[in-house]
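Please look over the sequence and the model shown here. The report that goes with them is set out by region.

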Amino acid sequence: MPQAIPAAAAAFANWAFAATGLAYGGTAHAIVTAALYYGAQATIYTAVSMGLSAVARAQMPDPEGQKLPRKQARPVRFVAVGGPSRMSGAFMLREANGNKYGAVLAVCEGRLASITRVYEHDNIVTRNAEGWVQGLPGEMFGSGDLLQIQTRLGNPTETHYSMLTRDFGSYWPPSCRGDGIASVGIFAQHRSRESFARHFANGEPSVSIVGAAVCYDWRDPSQSRTNPATWKMSWNPVVWLVFIEWHRHGRSWERSIAPVLAALKVEADYCDQVVTRNGVSEARYRCAGNYPVNTEPQAVRESILATFDGWLSSDGRGRLVIKAGRYVPPTFTLTAEHIQGYSWRAFQTDEEACNALIVSYVDGDKDYTEIEAGTVFDQADINARNGKERSEPLQLPLCPSGTQGMELGRRKMTRLTAERQGQVRADIYGLNGLGERFIRIQNPELSSMADVVVEVMNVELDLANAQVVFDIIKADVNIDGGAAPPPNVPDADKPPVVPGGQEAARKWISRSVTYVTSADEHSISIIAHKAYFSDGSTVDIPAGKVTGLSELTEYGVFWKEGVGFSAAPSPAASHLTTGSWIFIDWQSTADAEGGYPELPTPPGGHCPQEDEPLLLSNEDHTGPGETIRAGDVVPGETWVWTRHERTGAWGAFLVVAAVRRPSELMSLVMRDGRSPKFSPLHRMGLANGKFRRLADLCCGNALDGTGPGTVERVEPAGEGWVIRLTVDDAATFVIDGLLCHNIKMTPEFPGAV
């Protein structure tokens, strides 16, 4: 026999049955009650109004990482949204046969409307009809016969890359087409070892494209929801959000979307209206970007909502409600007879406040790089705090415009510094306010609340007390009349003029002899060799010797035409940054017995204590598995589950090295009770996607990982043995649920990882 339903829950259920016309019954009653409770508690998303959550910031990939090919055992698929964005892909083929190189990259799932640009590294390339890349200055790519790049849009039945058949047919037969996946095919060949550095100055080809995906726009009568061949490209963020909710997140079209298409069309049309901001005419709100399919739906929603100051919820019948960034006079009023409790405050503490927003967006004119558009200030709030600025970043990875980004920052600032904010508890009449972004409050007990329009930031149902709880801020009814400051973005990325003879040291990318230096107690000898540079040039370095050096000391060795050789003690900052030297190598002098110093501790000491739990991938490399002691890793056999340092995508990656060494230890004490130990300069992943040294963490820092958490404190933990791990490609791993980073390999420390 079912348990008795409390009176409060019954009241909600009765209201729901009255609204929906369902038959009443004990089991059905409980189901409807639970649906109301869980539905309203988590249905409102207001990305820009209060800032992207830590989940959204951490999971949406870094635009810079999207430009690079990915090497993973089981790569995660990517999805493109909105207008054109820059993407590379995961290797489906990567083989060499003599002087021939072949590769195929899976760029994204689904069909692209077009591919408008192709990059090799950061060079925009021109191709002929067969895909042969035309040569660039400095003999890069030869005379147009060394690099061939072809693309596929991702049609349901695709075309095989026949250019790979002759040399790589056994690896990539005609049956390999990549149906339904946009892709890039690469064929390269070099003429000789001597010419390789000129023709492929950046090494292995790294290809990315600029493309825009298609989606279903119900406003266009020429498109059919059941025929993907009719779908088209769209910049519209409301159209894309509706499409993703249905096509990716499984929301029912017939029940949740079709009944409200007219209302959704109003919001989508508002986004398409052409406006002029600071002399730039463009659609009011647009979106463009891409993300991995394992990104949490919440992060995807919030990132798209952030591009149009959006608001997403469901009404009392579970139908989708989306509101674009604008003020609409309320149609629902909550009067005193229905208000059972409230809070209403007028000032935020310094710890809560934000009065300066640093806005960034992805600029297509700068090779789809994340650019800082400028800062939006609330000068009145700064003055009220005696000149104290409280700044926060506003990262908009799916926003394609600086003027749009600054407008979004302005709108967010009006909410962050709202005149008042608080909470209202209403009786069950408040259920009629579900799905309303703006409501009117009439509470005569407070003069400031006697008749005020508020914006709903969240709604929860309190079944125990039969109440609807609204989190609210005082609405700025004139928000649409304001103007954002212009973006402060330079027109071109021109390098600064450096005085003659004061350029930084040039560093070779290859040379004719592998090991060119040797040393005794007080001198370093250099043998003659050729040095090849990324601009295609070659320099003949003569033989030479530097004397009068100190024993057991590491030096940077440099050479300059007309001056000769010079040796500077590590880190040789002056030689590396000024003087127009050519860097030769790092070399340590010996002692009287011919011994050399041990390699210094790599910078950062990025190592976990050997007993800490390391997260593995599962057996088929599709998700997280069990944990093992970090000290039990077997290089070349152990696969870990982690987030890629550049793309932000989770995946399985191979541990290729593990070195045990003694170190000082520090304990990272988390608020949830975890306290893993690391070497002091170990880098931890923050919730905003950046990394910070363990010793620099402070109370309140939010950390990323499979078990994210908040730092309580960092404290000394004596000494012990640590494990220095090298994870292929990803350069990260997860210890005790927290994301960690390898250190970088450097010329000073070639064994560092």
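The sections below go from the whole chain to single sheets, strands and residues.

## Basis of the model

This is a predicted model, in which local features need pLDDT of at least 70 and side-chain atom pairs count only at pLDDT 80 or more, while totals for chains, interfaces and linings use all residues. Residues are numbered from 1 along each chain as its sequence is written, and side-chain values use heavy atoms, with hydrogens and water left out.

## Overall make-up

The protein contains 13 helices and 45 strands. Both are DSSP runs numbered from the N terminus: helices are H or I with at least four residues, and strands are E with at least two. Of the 753 residues, 53% are buried. Buried stands for under 20% relative accessible area, exposed for over 50%, and partly exposed for in between, with a 1.4 Å probe and protein chains only.

Taking contacts between residues at least 6 apart in sequence, 65% join residues at least 24 apart. A contact is a pair of heavy atoms within 4.5 Å.

## The six-stranded sheet

An open sheet of six strands has the order β16-β22-β23-β24-β21-β17, with mixed pairing. Its edge strands are β16 and β17 (339–345), each of which pairs on one side only. From one strand to the next, the twist averages 35 degrees. The angle behind this value is taken between N-to-C directions and runs from 0 to 180 degrees, with axes as lines fitted to C-alpha atoms (for helices, over the stretch in contact). Two strands count as paired if DSSP finds at least two bridges between them.

Strand β23 (residues 452–462) has ten of its eleven residues buried, so the rest of the structure largely encloses it. On one pairing, four bridges link β23 to strand β22 (residues 438–442) in the antiparallel sense, and Phe438 stands opposite Glu455 there. With strand β24 (residues 467–474), β23 makes eight antiparallel bridges; Val459 has Phe470 as its bridge partner. β23 and β24 form a hairpin with four residues between them, and Ala466 in the turn has a positive phi of about 55 degrees.

## The four-stranded sheet

Another open sheet, also of mixed pairing, has four strands in the order β25-β34-β32-β33. β25 (506–507) and β33 (564–569) are the edge strands, and each pairs on one side only. Strand β32 (residues 554–560) runs antiparallel to β33 and is joined to it by six bridges. In this pair, Tyr555 stands opposite Pro569.

Strand β13 (residues 288–292) is mostly covered, with five of its five residues buried. In a regular strand the side chains alternate between the two faces of the sheet. In β13, Ala288, Asn290 and Pro292 point one way, and Gly289 and Tyr291 point the other way. Strand β1 (residues 78–82) is antiparallel to β13, with five bridges between them, and Val81 stands opposite Gly289.

Strands β11 (residues 274–277) and β12 (residues 280–283) pair antiparallel through four bridges. Thr276 faces Ser281 across this pair. The hairpin has two residues between the strands, and Asn278 takes a positive phi near 50 degrees.

## Helix α12

Helix α12 (residues 402–416) has 15 residues and spans 21 Å from its first C-alpha to its last, close to the 21 Å expected at 1.5 Å a residue. The expected span is 1.5 Å times one less than the number of residues. Of the 15 residues in α12, 14 are buried.

Arg326 lies in the loop between β15 (320–323) and β16 (333–335). Its side chain makes a polar contact of 3.2 Å with that of Glu267. A polar contact is a pair of N or O atoms within 3.5 Å; within protein, one must be able to donate a hydrogen and the other to accept it, and residues adjacent in sequence count only if both atoms are side-chain atoms. Not counting residues up to four places away in sequence, Arg326 touches Val266, Glu267, Tyr270, Arg411, Phe438 and Asp480.

Pro624 belongs to strand β36 (residues 624–629). Beyond its neighbours within four places in sequence, Pro624 contacts Leu615, Leu616, Ser617, Asn618 and Trp641. Its C-alpha atom is 8.3 Å from that of Thr642, which is 18 residues away along the chain.
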